[in-house]
Amino acid sequence: MLSRSALARVSRNAALRSRALSSRASAILSALDIPTNQEVPGVYDGTWGGTGDILESVCPTTGEVLARVQSASPQELQTALDKTREAYEIIRSVPAPRRGELLRQIREALAAKRDELGALVSLEMGKIRTEGIGEVQEFVDIADYAVGLSRMMNGRVVASERPGHSILEIPNPLGVVGVLSAFNFPVAVYGWNLALSLAAGNATIWKPSNTTPLCSVAVTKIIANVLESNGLPGAVAGLVTGGRDVGEAVVESSSVDMVSFTGSENVGRQVGKVVQARFGKVLLELGGNNAAIVMPDADLELAVPAVFFGAVGTAGQRCTSTRRLYLHRSIAPEFLSRLQALYASLRPGDPLESSTLLGPVHSRAAVGIYSSAVNRLRNAGAEILCGGSAFSETDLVGELQGGNFVRPTIAVPKSVDVKDEIWKTETFAPILTVGVFDKLEEAIAWNNGVPQGLSSSLWTRDVRNVGKWIGPAGSDCGIVNVNVGTSGAEIGAAFGGNKSTGWGRESGGDAWKQYVRWSACTVNFSDEAPLAQGVNFTPTA
Ligand code: NAD
């Protein structure tokens, strides 16, 4: 006799079978080995399972339910955490270059499915296909980087003041790394973390966004195949899908040595406090409120399209999206008229179609956030140059009528007051707020005057401006670009932001150093045991 929950599952699966998934969706899911006629297990710790709440994956473009994903119950989460710890005890003893070889195989397996995974990102998150594929390419790139790193994660030998002594600084694996990721980069953010964490000898447990579970299942399947075919426990790269409760449990667990959290400032603030209170390690990658500054000598042929991509790309849902535009008075009218012409060319479309530049925002909630921000601007007397409303069902055709489409908006508030909500809040939608300045120093002060400090961009050909911008009195962000837009970073440099963006660094640069446990190790190979600083502790007779 079936239990009540098993009965419920059988009837849900029957309902799913009777609902025909669109061919648009089923082709993409099938290519990635995701079942289309039953619930999808969303927990992996060496075996697949999931008996917790059901997460619905909804296509932002059409509103179609793509799948129902079985998330982790509290008991399954605990088991996954235990297995991750056991897996850590195995992977930490695998030599680092061997871990590099695993990463090489992961890189190959991801590259072989790059287009399919990119299409899934587009289907489930809503970004246009070229950006979806680019996101998977980012995982491929960081895996390449980590292969090399696996032979270069070096410590140091430090000169000792004592004869016959050596001091070593040794990086050892850290333990279990919990990765909590945001909806807008459902593949790449995990990639940055997994690649460095595995190269460093850690086991990783991933809690993805509850609205992009299918991307996490597809990626985990690819990685699990590599681990299993190498005779390693799958829990080296485990997965626990779920909502806020699962996220909180990972963050609170003392068996998670480091929590790498990517998401909003509000949730990041709570996560930071909880991990700090238990003296765990925390890496925070939070919101951005990024500005581009355009000087009179800027090449507008380059600057205008870059601002267009920065503000509208990913429908304004990148942490590095351009949200504030500061124009020098002398070029402001010309710049805005060219930018408005580009905005006028935008049409909402299916992000899977190659001609589409404007896909949907990710959720119904995001449409609401967009609309309230536009209303706030209007109420404050801002001039709305274009956009200013969501698309209604009647504005859209066919399947798109079920989608979350909004009009990219350019607004010019009455003045620039960076303490005002209009300027200081990250609105995760395609809204660009414009201010006009006379002196570079004024624009830099506006750039720096908000709580966030992720990305920033200056457009100029004058080397004196460049010096100011990248120097001590320049931009206070983690990303300080010149003649390059605010979004679209490469993996080679450390990625992250300052102030309320959380100070975290991921990907390239020295980011790997956070994923290890550093030991300062003084070795005495002499016949004496002198104390440091010449301290004498010999008892007098
Ligand atoms: P979010 O903060 O709502 O969610 C992030 C993750 O935290 C999700 O996995 C979510 O399920 C989980 N979560 C929610 N509440 C939790 C809690 N109380 N405890 C533990 N986990 C919890 O963010 P989002 O809406 O998915 O993503 C958008 C935000 O992410 C934006 O602010 C964006 O700027 C930011 N982001 C930052 C970067 C960066 O590198 N700085 C990159 C991508 C996105």
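In this predicted model, Q533 is exposed, with a relative accessible area of 66%. Q533 lies in the segment after β24 (516-524). Although Q533 is not a glycine, its phi is positive, at about 60°. A positive phi, near 65°, also occurs at D33, again a residue other than glycine. D33 belongs to the loop between α2 (23-31) and β1 (40-41). With a relative accessible area of 56%, D33 is exposed, because the cut-off for that class is over 50%.

G132 sits in helix α6 (residues 129-149) and counts as buried, at 0% relative accessibility. Which residues does G132 touch, once those up to four places away in sequence are set aside? They are G118, V121 and K127.

The next topic is the packing of two helices. Such a pair is described by the angle between the two axes and the distance between them. For helix α15 (residues 440-448) and helix α16 (residues 463-470), the angle is about 30° and the axes are 11 Å apart. Angles under 35 degrees count as roughly parallel, so α15 is roughly parallel to α16. The crossing in which α15 passes α16 is right-handed. On the α15 side, the contact is made by L440, E441, I444 and N447; on the α16 side, N465, K468 and W469 take part. Sorted by class, the contact of α15 with α16 has 3 nonpolar, 2 polar and 2 charged residues.

Finally, the cysteines can be checked for disulfides. How many disulfides does the count give? The count comes to 0 disulfides. C215, for example, is in no disulfide, and the nearest cysteine sulfur, that of C59, is 11 Å away. C215 is also buried, with a relative accessible area of 0%.

Terms used. Residues are numbered from 1 along each chain as its sequence is written. This is a predicted model: local features need pLDDT of at least 70, side-chain atom pairs count only at pLDDT 80 or more; totals for chains, interfaces and linings use all residues. Side-chain values use heavy atoms; hydrogens and water are left out. Axes are lines fitted to C-alpha atoms, for helices over the stretch in contact, and angles run from 0 to 180 degrees between N-to-C directions. Helices (H or I, at least four residues) and strands (E, at least two) are DSSP runs, numbered from the N terminus. Angles under 35 degrees count as roughly parallel, over 145 as roughly antiparallel, 65 to 115 as roughly perpendicular and the rest as oblique. A crossing is left-handed if the near helix is turned anticlockwise from the far one by less than a right angle, and right-handed if clockwise. Contact means heavy atoms within 4.5 Å. Ala, Val, Leu, Ile, Met, Phe, Trp, Tyr, Cys and Pro count as nonpolar, Asp, Glu, Lys and Arg as charged, and the others, Gly among them, as polar. A disulfide is a pair of cysteine sulfur atoms within 2.5 Å. Buried means under 20% relative accessible area, exposed over 50%, partly exposed in between (1.4 Å probe, protein chains only).
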